[in-house]
Amino acid sequence: MRTLTDPTLLRTQSLINGQFIGEATTAVLNPANGELIAKVPHHGAAEATEAVAAAQAAFHPWAARTAKDRGATLRKWFELIIANRDDLATILTSEQGKPFAEALGEIDYAASYVEFYAEEAKRIAGELLPAHRADARIMVLRQPIGVVAAITPWNFPAAMITRKVGPALAAGCTVVLKPAPETPLTAFALAELAQRAGFPAGTLNVITGDAIAIGGVLTSHPKVRLVSFTGSTNVGRILMGQAAGTVKKVALELGGNAPFIVFEDADLDAAVDGAILSKFRNMGQTCVCTNRIYVQDKVHDAFVAKLIERVRALQVGDGFADGVVQGPLITEEAVAKVQSHVADALAKGARVELGGKRHGLGQTFFEPTVLTGVNATMLVANEETFGPLAPVFRFTEEDEVIAAANDTETGLAAYFYTQNVSRMFSVMERLEYGMVGVNTGVISTELAPFGGVKQSGNSREGSHHGILEFTELKYTCVGLI
Ligand code: ADP
């Protein structure tokens, strides 16, 4: 791995109760070249139980601090993340593969959640409601929910952590975090900086190892009050089921199948820009990445021609190389999924306009791909590809494309391009999605509530809404005697 300015950020042990512990045995590999970066512990149920106990012990003292005090510690953490952004991005690109410029962008984005919730800690307010009797008062408190379990994916190794941990800690909760096995080093580096920022022992615990064993404890331990998960819909379903035993709150951010609709009255150049950003960011490996591109008849061919030209220019390579905007996919399985989607589409009559196969660089590199002649019977229409594959569907009527866009069990992000104001409102309102981008392909920000409907999830992260997930209401009826 490239040398770090501060090599002590490369932590390779779990953080439990303020101590980095455990023998590092499980390899973390660089997806661009297969090199071993470091090893991390293979912890299980025993260490997960210890981590929950540490978080439970830290909970009351942390919750009892003033919001201003908690916010100040978060602010310090934010400043340390920014001060170490180059090293954090280096670790991130090494274990995840995304281009270094994108990794820097992710570190800034991750830090923005810590900054925002450092401020927001002070704005969790209760209410005094009109009472039902003259001799009573209704007081409503918002209190931290308790110990939070956070389970995060590899596609945003930093941001998926801070947007859970930031608001949780700000609200007065303590956390046990299980990062993805592919990208634990970014999580440990963030934990090291949290230590330096002054979070008390046990406030934030980070543990790597056996996902099923750790997940089993985190979803069944009576002291864990909320399980916050970002990942696949299948695993989300499993965790939700497991959490039922102790009636925990479950906050889920799951998969998507984002439609990207280009109407004939769209600004086509802007639409192509948006399609490139929303489809090929992180090599197509984000849950809000465009999965299906629908283009209206009249502008179909012009849009496809412009799209192909732009996709052809995308430079593929090691994320540390100059000019590279497409790194490797995360694993062999990820490549196999893209290949199976291409093969299925071709067998059912689609055409490869560009790419369609593994890249000459080997490893898990895949050629940025454009398919046309795509229809609803194909896998690309029904499953999240999670790779650099842009399938283009042709449509004629507005009603037809809205029905197609909504014809999925998921409902995370949708995008459309139009310059007609009436259409903007009517289409936006009819799309069954938690988030809609109109004339833009990039929607993520700490200032907005991120989340999905249907089987894409049941919670929101970001904005003032995001912190409320980590609180509970307590109603107190005060009798005036
Ligand atoms: P992806 O396909 O993005 O890897 P997953 O849903 O498999 O998505 O993984 C997201 C996170 O969930 C990772 O941290 C992974 O280790 C964890 N995970 C996977 N299966 C389980 C499980 N049965 N219990 C707890 N965590 C799990």
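The protein chain divides into domain 1, covering 7–254 + 457–475, and domain 2, covering 258–438. The model is a predicted one.

**Domain arrangement**

- Taken over C-alpha atoms, the centres of domain 1 and domain 2 are 31 Å apart.
- Contact between the two involves 15 residues of domain 1 and 15 residues of domain 2.
- On the side of domain 1 that touches domain 2, H3 and H4 are the elements that give two or more residues.
- By residue class, that side of domain 1 consists of five nonpolar, seven polar and three charged residues.

**Helix H2**

- The buried residues in H2 are Arg70, Gly71, Thr73, Leu74, Trp77, Phe78, Leu80 and Ile81.
- The cover over these buried residues includes helix H3 (85–96), helix H4 (100–120), helix H5 (159–171) and helix H6 (184–197).

**Open sheet S5-S6-S21**

- Three strands form an open sheet in the order S5-S6-S21, and the pairing is antiparallel.
- Strand S5 (127–129) and strand S21 (471–479) are the edge strands, each pairing on one side only.
- From one strand to the next, the twist averages 25 degrees.
- Strand S6 (residues 136–144) is joined to S21 by nine bridges, and the two run antiparallel.
- Arg142 has Leu473 in S21 as its bridge partner.

**Residues with positive phi**

- Most residues other than glycine have a negative phi.
- Val247, which is not a glycine, has a positive phi of about 50 degrees.
- Val247 sits in the loop between helix H8 (233–243) and strand S11 (249–253).
- Val247 counts as exposed because it has 9 C-beta neighbours inside 10 Å, and the cut-off for exposed is 12 or fewer.
- Gln363 also has a positive phi, near 50 degrees.
- The loop between strand S14 (351–354) and strand S15 (369–372) holds Gln363.
- Gln363 has 19 C-beta neighbours inside 10 Å and therefore counts as partly exposed; a buried residue needs 20 or more.

Definitions and conventions. Residues are numbered from 1 along each chain as its sequence is written. This is a predicted model: local features need pLDDT of at least 70, side-chain atom pairs count only at pLDDT 80 or more; totals for chains, interfaces and linings use all residues. Helices (H or I, at least four residues) and strands (E, at least two) are DSSP runs, numbered from the N terminus. Two residues are in contact if their C-beta atoms, placed from the backbone, lie within 7 Å. Domain bounds come from an automatic or database domain assignment. Ala, Val, Leu, Ile, Met, Phe, Trp, Tyr, Cys and Pro count as nonpolar, Asp, Glu, Lys and Arg as charged, and the others, Gly among them, as polar. Two strands pair if DSSP finds at least two bridges between them. Axes are lines fitted to C-alpha atoms, for helices over the stretch in contact, and angles run from 0 to 180 degrees between N-to-C directions.
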